[in-house]
Structures are given as structure tokens and as C-alpha cells.
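Welcome! Take a moment to look over the sequence and the model, and then we will walk through a few of its features together.

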Amino acid sequence: MEGLSSGDQSRTVAGMALSSEPLATKDNSTGAYSSKNGALDQQPDTSNLEEAELSLRGRGSLNYEEARALLGRMEYQKGNVEAALHVFEGINIAAVTPRMKATLAKRREHHKRRSQSFSTPPMSIHAASLLMEAILLKAKSLQHLGRFREAAQSCKVIVDIVESSFSEGLPENFAADFKLQETLNKAVELLPELWKLADSPREAIMSYRRALLNQWNLDVETTSRIQKDFAILLLYSGGEASPPNLRSQMDSSFVPKNNIEEAILLLMILLRKIILKRIERDPSILDHLSFALSVSGGLKALARQVEELLPGIIDRNERYHILSLCYYGAGEELIALDLLRKLLHVNEDPNCVPALLMASKICGKTPKLAEEGINYARRALQSLKNNCNQLESVAYCLLGVSLSAHSQVAVADSVRATKQFEALEALESAGRMTKMRDSNILYHLSLENAEQRKLDVALYYAKHLLKLESGSNIRGWLLLARILSAQRQYKDAETIINAALDQTGKWDQGELLRTKAKLQIAQGQLESGIASYIQLLAVLRIQSKSLGLGTKLYKDNENPPGLLELEVWHDLASVYIRLSRWHDAETCLSKSKAICSYSASRCHTTGVLYEGKGLYKEALKAFGSALEIDPTHVPSMVSTAVVLRRLRMQSSAARSFLMGALRLDRMNSSAWYNLGLLYKAEGAPSSSLEAAECFEAATFLEETAPAEPFR
């Protein structure tokens, strides 16, 4: 074969045919493999002949390794994987690697000088390409046989050769007329997949980063596939990779710190390519990005990405729905509601059940929007028409919640009583449909009965809820303790809280410790209550330091620890005021001001402090400041009326404040009591009757008031 002339086509074919058998049988290959040589000789692959001719033109001869590369490829193309691997293993890769590197290095110098080099490379570029393809096919053969680690190691040889030959990256249009670039593309894409199959996630991640950070002249489609596969590995592999070391990164550029951030970066790049129409639309990319941003708390960032999508990429109604979910999860519930209103418009999709349920849920949280929430829930029930019991139970539950919220703003007692009855009826319907096995429905059933002071029924549902959840949800413990406190079973309530604390991690003990402190104070154990508050503040301080280090310990739509700490300082100040420890109370208020200077609760507590000192005018000023911040702050309304009554001035204004407070909170015993005092002071017979009714309501509410509000 070494004596063949590159210009004589017939002699080349004959040489190939004659040399096939010795190469195949040189290493005592199996009889099954040798038996196929006849077919190989009779129908030679023309692509292999072309490769042979190109290599012969470069050097005038076809050496042992190149011949094996051609023969191995022929066997691989015919599906004889084991035979092909046997041939490929006869190539001494360690021996040919230096010559391949030298050939590629000469190619690099040629591109740099853009002139003809007079030194002869160790082999032609065609031969180097042929051998690289042989190494790739060897890796694929090993993959087919399940020898994944060996396949990855073989494939890595190609990447190592090219990378060491072109330390600054491949020049543009390198080997554009040859198969070298195609082989390299396949090797770069295959290598991380082989490491994954070999159960080597660390090597797979390194290979992905190597593929994306080095200059391989990959086409857009190949790069995009690699980016997507890498993002999926980062999101769902279950392991945490070390952050990438981006030496060439600008100081001001973003460097991902963990798997999620790196996956988000890759998916956002892919989404940008779709927007620019550089790659075909792939709906799964938005799905993966939605998951990544959701688990990382970046729902607003996801909303921005969806808003930037060009029309036609996703349906308009789907866009409204996704955006509403994003903003709802990020705590922007009114924005989410506006989007749902657009989706539910008569010209869009007015019967979309998920959107109707979500809109009802948002409206049910705000008494002013409760009537709208009732409408959405009833529309959802009408759309379902007994098609799905599970969704119907959710709709009935949301209807009950909205009816309950609407009853809070009802002016007439008859309307309020009707709404409360309908709320319980809807919640009980939801409970029957789920056979009392839905924890959310049980919670709202217990809560609504407690609000209506049906404490025995509320206690039954609360115990059932705690048993159903096995104590896994803090709100079940809290509700049970509050109901027991409303029944004046303070010891039992404190026992419940202690049991919850034993089963709860430190980060989740905030509300439990606050409730424990209030239970202790309700029993007159003020010093114990102070100790519980101090313990809670210590937990919150550790939380705030952790948050400063970037650890997210609460959801976007939950109250952050800063707000809870603010309320705890106010609670603690109120205890010190009861003990006439003015300096300690002032210290607590200064700590509160450092957290938030614009707080109605802080202004109210400051007013109570002045009132305790006998500084009534300063107290009135503080209460006025609280109402400027929040005109619906009921405690400030009641306190203002109390001070005005004590000063024996503007009794009509005091009555107005109390009536306003009762419109907002009908269950406020202090407001009823002070209103009764105003009626009693008038001395008229009709006023005495109204005073008696007010005192009766205040007594009932005081006797059934929990240590802290049920909601």
C-alpha cells in the first residue's frame, strides 16, 4: 500500500482491497468478523476511497494507522460495532497524537502568517482529520457497548489535541473544507453526555463549561443544544457544582455562584436567541426557566422575561396567566389581579377556571374586594358544572373565604349575619366534598367558626386539622392555641405551643414564640413573657445576619423577619409600659424606629407610652400621626376616643372614632366598652339602654377573646 501512486485510481482501489484482510486479521480477530471481508471487498464505500485519495495526495502513501481508520469506519457504517472497535484499538493513539498536534500547530501558524509555509507537517490535514474521526467513532463504539468511561476518555483525546494545538481558540473558518470541524463539533457535544452516562457529574460539568467557554467555532444549533443540556443537568442532577472560574470575565460582569444561577443564565441566553430568531422556538426552555426562577425566588425576573417575548411565541391568554402567577408569587397581588381581569374579560377567556379560582383567592384576602371574589368563585362553580369534585371543593372554599371577608365590611347586622351563614355553608360544602381530608378547608372551617365565636366547633376542626397534618404546619398549632386561649385554657394553649416548638426548626419558631409570650402575659406572667420576647429577638437577629449573607429564609409573599421584629419591639414596649418601665419602653421604640420610622403601630405604642405618663396631648398627637400613616388603624381610633373622653372634650368626635373602629372591626371589645361609657355619660334613658347593649357586647367579646387575633 505504501507504494501506491496517488494518481492511479485503479491501483488505489486494488491496494485497499488487498490490504483489508491482513489489517483485519493481523490481531487474530474473530471468524465472524473475518467472514464479512468478502462483502467489504465487493462493495467498497466510495467516501472511504475519497478520504484515501485525499490522504495519498497529501503524502503519497497511506500508513498503517490511516488504513485502520478507514477500515474501522467502514465496519462502523455497516453496523459491525465490535469489529470496528477491534480495528480502532489497533491504532496507537499515543504515538499519533504528537504528529496530529504538530500538524494542527502548523495549520495555526499558516493562518497567523496567511502565507505558505515551506516546512512540511508530519502528516496531511486530511490524515489528521481521518484519525480524529477514528477516535470519535471508537468513542461511539464504546458507548454502544456500554463502556461509557472508556468512551469519554477516548472522546476527550480529540478535545485535548485541538485545545493544546490552538491555545487561543480555533481561527474562523478553520478547516472549513474538511471534516475536522464536523468531527470536533460532535466530540465537544458528545463528551459531557458520555461523562453523564459514566455517572461522573463533576467531569460532565467541567466538559460542558469547557465546551461553552472555549472557542470551538461551533454553530448556533450545536451551542444551543449544549447550553440546554447543561442547564438541565444543573437544575435536576441533585448535586451542587463548584462555581465556574471565569478568568476572562470582566469585573463588572455577572458570575453565577451556584447551580441555579448558572442554569438561569444559560436558559436566559437561550430565550434571547429564540426572541432574536436565531434558533427555533423550544417551549421547554421557558418551562425550565420558570422552574429555575421559581425555586430561586426570582419570579419578577421571570415576569420580565415573559414580557419581553415577541407576540406569537406564546398565546396571549397564556402570557396573562403566566404573568399573573409570577406577580402573585412575588407578592404583587394587585398586579396579578389586574392581569387576571384582562384574561377573564368577555373577549378573552371568561370561563378559565384556574384564573377564576386564583382571582377569587386574591380578592378574598381583602374585604374591599371580597364581593368581586364571590363573583369569581360562583363563575368558577358555574363553569365546572359538576365536572371535577376536587376543583369544585376549591371553588366552594374560596367562596366561603370571600363571603367571610365581605361580612367584615357589611354595614347592616342582617347582611353581616347572612354573609357569615353563607360562608359557613360554602365551607361545609367544600368539607363534605373532600370528606374532611383537605387541610386548607379544615383550617378555614375552624377559623370561620372561631371568628363567629362558635369555639367548640372551631376546636373540633382545629384538632382534626392538627391530626391530619401530623403537626407539620405551624398555622394549625397557632390556631388551636388561640382557640384554647379564647376558652381561657391558657395552660393547655401554652402546652400546645411548647409541643410545636419541640417539633419546629429554629428558623420557623418566630410566630410560635410570640404567641407563647402573649399567653404568658395573659396569665399575668409578665417577666416570663419578656423572656420569651427576648428569645424571639435573638432568633430574628440570627436570621437577619443569615439573610445578609444571601440566604433566603422566607417566601416572597410572606412577611419578612424585619416586619415580625418590628411588631415584637412594639409588643415588648407595651409590656414595659404596663410595668411603668418607661426607659425600657423608649429603648424598644427606638429599636423599632431604626427598622421602620414610618409605622402606624410604632406611633400608636408611643401614644400609649405618653398616655401612661399622663401626657394626653402628646398622646393625641402620636395617635393622630398613626392615623395619618394608616387611616384604618383601629387601635389608634379607640385610643384617640379614650383620651378625648378622659379630657372631657369633643364627645361627638370620640363617638365618631369608636363607630369608625367598629365598622372596621366589629369584634373589638374595647371599642364597644368605651362606646358604652360615652352613652352612659349622656344620662338619657335611651342612651342608658344603648350603653347596656354595648357593655353586653363588650363582655361577651372580652370573655371569648383570644390571646392574639385568630387571623
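An unreviewed UniProt entry places the feature "repeat: TPR" at residues 600-633; such annotations may be inferred rather than shown by experiment. The end C-alpha atoms of that span lie 7 Å apart, and the span is 82% helix and 0% strand.

This is a predicted model, in which local features need pLDDT of at least 70, side-chain atom pairs count only at pLDDT 80 or more, and totals for chains, interfaces and linings use all residues. Residues are numbered from 1 along each chain as its sequence is written, and side-chain values use heavy atoms, with hydrogens and water left out.

Here is the protein chain as a whole.

| Property of the protein chain | Value |
|---|---|
| Buried residues (under 20% relative accessible area, 1.4 Å probe, protein chains only) | 49% of 711 residues |

Helix 16 (residues 316-329) has 14 residues and reaches 20 Å from its first C-alpha to its last, close to the 20 Å expected at 1.5 Å a residue. Because 10 of its 14 residues are buried, helix 16 is largely enclosed by the rest of the structure. Among the buried ones are Y320, L323 and Y327. The buried residues of helix 16 pack against helix 14 (283-295), helix 15 (299-308), helix 17 (333-343) and helix 18 (353-363).

At the start of helix 16, a side-chain oxygen of D315 comes to within 3.0 Å of the backbone nitrogen of N317. After the helix comes G331, with a positive phi near 90°.

How values were computed. Helix = DSSP H or I, 4+ residues; strand = E, 2+ residues; numbered from the N terminus. Expected span 1.5 Å × (residues − 1). Buried < 20%, exposed > 50% of the residue type's maximum accessible area, 1.4 Å probe, protein only. Contact = heavy atoms within 4.5 Å. Polar contact = N/O pair within 3.5 Å; in protein donor to acceptor, adjacent residues only side chain to side chain.
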